[in-house]
Amino acid sequence: MLFVMLVRYLRGFVRVRVRGMFVERFINVCSSRGVPIWNISRCGSDLECTMFASHFRRIHSFRRSCGVSVHIKYKRGMPFVMRRFRRRYGMMAGAALAVLILAAMPQFAWNISVNGNNRVDSQRILTALESIGVRVGCPLSAIDCDNMRQELILAVPELSWAAINIEGTFVEVDVREALDPGEVHDTDYCNVAARCDGLVVSIQVWGGEAVVKAGDAVCKGDTLVMGTREYSNGYTEFSHASASVIAETERQLTVEVPMRKTERLRTGKTQKKRVLRLFWLDVPLYLGSTQYDCDREACYIPLKIGGVELPIGISEAVMYETKTVPIAYSAAEAEQLARQHLEADEKRQLPGAEILKRDIKISLSNDTVKLTADYICREDIAESVKLQLDEQ
């Protein structure tokens, strides 16, 4: 029913009132002459019905022979709307352009999605796709799925397999990542080595054969637990070595804070700029340009219909005016700032380590406060190293 109503609106229709002695004969003649009418109703002795606007002229050839007069009550439909705006050439040109755009849009890629990646960043894969010609807005006919998937694998060595599929106007890229040679799994054969120098305090072995004991000094890279065992008959057994090796280690962190420097500070003045993004084309919705130093924070709001993201949206950027100002610290202020940086470095570079001793030395040179911290820590230095069986 909705389709029928749409067809009637596009063709245009008129509601007419038929007056005369033989209105029933008029209905029969319309049916025999191929003039469809609908919504027929009585209004006293008159008759009202609806017909296509293009058929209205045809009834003049037989309405007199039927002894009736026909008057238009109202007109509806697209032809009458278009006729009303026929002298507004800009609107007509815009409507024609909109029709052309709607007809052309299904020929281009609207969205590109990447599936199956864990270690490799999706943005890196999208950048590689763009370099080989697959991007939002590219013609779908220009995408050679078989050749471009090979080019993608060459562009991103971390991928072992890729597939490019076109679903309507959407491009789906499925990938599989290659195994990391340094990654150790529970089923791999491996040794346990020291990841830094230290003095072994305790060792707990869950798999393999320990080659060090408490009190031994080890260097970075030394084997702590073997994943191989050789027997007197020449047979070698491989296993997955695993252990916890607690050792005392010596670490050093250095932080420098200049007492005089310059910083970019925001003045409080802001300016918003919007850009209309249509496929790959950016259309500025502002006038002028930014003539001052500023920090830029941008966000993109795509147009979505039914949860599907379209290649059309608004990119809004907020420009924060900045200026460069000199900043001077006293020795005490610089030292306090250096200690804050040192505390942050400890959390980042010594995760999980128990700090037994901390010795901090402070020096001042060339208007720079330098903190040198020597640590004695107790931490787990065990690190799994995958065995290369072809070399054993």
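The structure holds 22 salt bridges. This is a predicted model, where local features need pLDDT of at least 70, side-chain atom pairs count only at pLDDT 80 or more, and totals for chains, interfaces and linings use all residues. Side-chain values use heavy atoms, without hydrogens and water, and residues are numbered from 1 along each chain as its sequence is written.

User: What makes Asp-46 and Arg-19 a salt bridge?
Analyst: The term needs a side-chain nitrogen of Lys or Arg within 4 Å of a carboxyl oxygen of Asp or Glu. The closest N and O atoms of Asp-46 and Arg-19 are 3.2 Å apart, so the pair qualifies. Asp-46 lies in strand β3 (residues 46-52) and Arg-19 in strand β1 (residues 13-20), so the bridge ties together parts 27 residues apart in sequence. Strands are DSSP runs (E, at least two residues), numbered from the N terminus.

User: Why is Asp-46 called buried?
Analyst: Buried means under 20% relative accessible area, exposed over 50%, partly exposed in between (1.4 Å probe, protein chains only). Asp-46 has 12%, so Asp-46 is buried.

User: Why does Arg-19 count as partly exposed?
Analyst: Its relative accessibility is 39%, so Arg-19 falls in the in-between class.

User: How do you know that Glu-48 is buried?
Analyst: Glu-48 has a relative accessible area of 5%, so the buried label applies. Its side chain meets that of Lys-73 in a salt bridge (3.1 Å, N to O). That pair links strand β3 to strand β4 (residues 68-76), 25 residues apart.

User: Why is Val-283 called partly exposed?
Analyst: Val-283 has a relative accessible area of 33%, so the label is partly exposed. Val-283 is found in strand β17.

Definitions and conventions: Helix = DSSP H or I, 4+ residues; strand = E, 2+ residues; numbered from the N terminus.
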